[in-house]
Amino acid sequence: SMNENLVDILISQHNNLRREMAEIKGRADEPAPNFAAIFFGLEEFGKSLADHLKLEDGVFYPKLLQRLEGQGTNTGDTRKFIDEMRKIKEQVYDFLGKYGAVEKIEKNFESFKLDLNEMIAVLFIRIYSEENGVYLYWK
């Protein structure tokens, strides 16, 4: 059923996001970086992220809260976690907005690389927290 597969879909999307991030980082670390390719990678990542969040924030979290409430579970901690995840989402979108053009990446490349590393770390923490936290409540 869709419900049982939901977490599997979200995890495969996570794996795809991780791969896209690694590709962007790989391009940024090249001796002669192709800024257009880096920007294209970010655009693709942004689309993948939007699809993922549509499913995660739009379907998974509401269904999870409904299920926990149905079981009589206190959802306070889960709601706090969801709010923290929302802050991470805003951080990622700030990053994508800040470097939303090839020229912005090229002109600010040193800060781009630092921001990219920070964004990857933040994203990996979110993914890890979900896969080892709320996703387990689904089973």
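## An aromatic cluster

F35, F95, Y99, F109 and F112 are joined into a cluster by ring pairs. Here, rings of Phe, Tyr and Trp (its six-membered ring) pair if their centres lie within 6.5 Å, and planes under 30 degrees apart count as stacked, over 60 as edge-to-face and the rest as tilted. Before going further, please note that this is a predicted model, in which local features need pLDDT of at least 70 and side-chain atom pairs count only at pLDDT 80 or more, while totals for chains, interfaces and linings use all residues. Residues are numbered from 1 along each chain as its sequence is written, and side-chain values use heavy atoms, with hydrogens and water left out.

The structure holds eight aromatic pairs. One of them joins F60 and Y61, a tilted pair with 5.4 Å from centre to centre and 55° between the planes. Both F60 and Y61 are buried, where buried means under 20% relative accessible area, exposed means over 50%, and partly exposed lies in between (1.4 Å probe, protein chains only).

In soluble globular proteins, nonpolar side chains tend to be buried together. In this model the largest nonpolar core has 40 residues, and those with the most contacts inside it are F45, F60, I105 and F112. At least two residues of this core come from each of α1, α2, α3, α5 and α6, and the largest share, 13 residues, is supplied by α2. A nonpolar core is a set of buried Ala, Val, Leu, Ile, Met, Phe, Trp, Tyr and Cys residues joined through side-chain atoms within 4.5 Å. The helices (H or I, at least four residues) are DSSP runs, as are strands (E, at least two), numbered from the N terminus.

I105 touches F35, I38, F39, L42, Y99 and F112, not counting residues up to four places away in sequence; contact means heavy atoms within 4.5 Å. I24 has its place in helix α1 and counts as buried because its relative accessibility is 1%. Apart from neighbours within four places in sequence, I24 is in contact with I38, G41, L42, F45 and L116. I24 and A37 are 13 residues apart in sequence, and their C-alpha atoms are 8.3 Å apart in space.

## Helix α3

Helix α3 covers residues 76-98, and its 23 residues should span 33 Å at 1.5 Å a residue. The expected span of a helix is 1.5 Å times one less than its number of residues. The end C-alpha atoms of α3 are 33 Å apart, which agrees.

Which residues of α3 are buried? They are T78, F81, I82, M85, I88, V92, F95 and L96. These buried residues pack against α2 (35-70), α5 (109-131) and α6 (134-137).

## Salt bridges

Side chains of opposite charge can pair when their charged atoms come close. A search of the whole structure finds eleven salt bridges, each being a side-chain nitrogen of Lys or Arg within 4 Å of a carboxyl oxygen of Asp or Glu. One of them joins the side chains of R18 and E131, at 3.5 Å from N to O. R18 lies in helix α1 (residues 2-28) and E131 in helix α5, so this pair ties together parts that are 113 residues apart in sequence. R18 is partly exposed, at 26% relative accessibility, whereas E131 is buried, with a relative accessible area of 19%.

A salt bridge also links R126 and E56, with 2.6 Å from N to O. Because R126 lies in helix α5 and E56 in helix α2, the pair ties together parts that are 70 residues apart in sequence. R126 and E56 are both buried, and E56 has a relative accessibility of 0%. Leaving aside neighbours within four places in sequence, E56 is in contact with L10, H14, Y61, P62, R126, E130 and Y135.

R126 forms a salt bridge with E130 as well, with the closest N and O atoms 2.9 Å apart. E130 and R126 are four residues apart in helix α5, so about one helical turn separates them. E130 is buried too. These residues belong to a network of salt bridges that links E56, D57, K89, R126 and E130.

## Charges over rings

The charged end of R18 sits over the ring of F124, 6.0 Å from its centre, and R67 lies over the face of W138, at 4.1 Å from the ring centre. A charge sits over a ring if NZ of Lys or CZ of Arg is within 6 Å of the ring centre and within 35 degrees of the ring normal.
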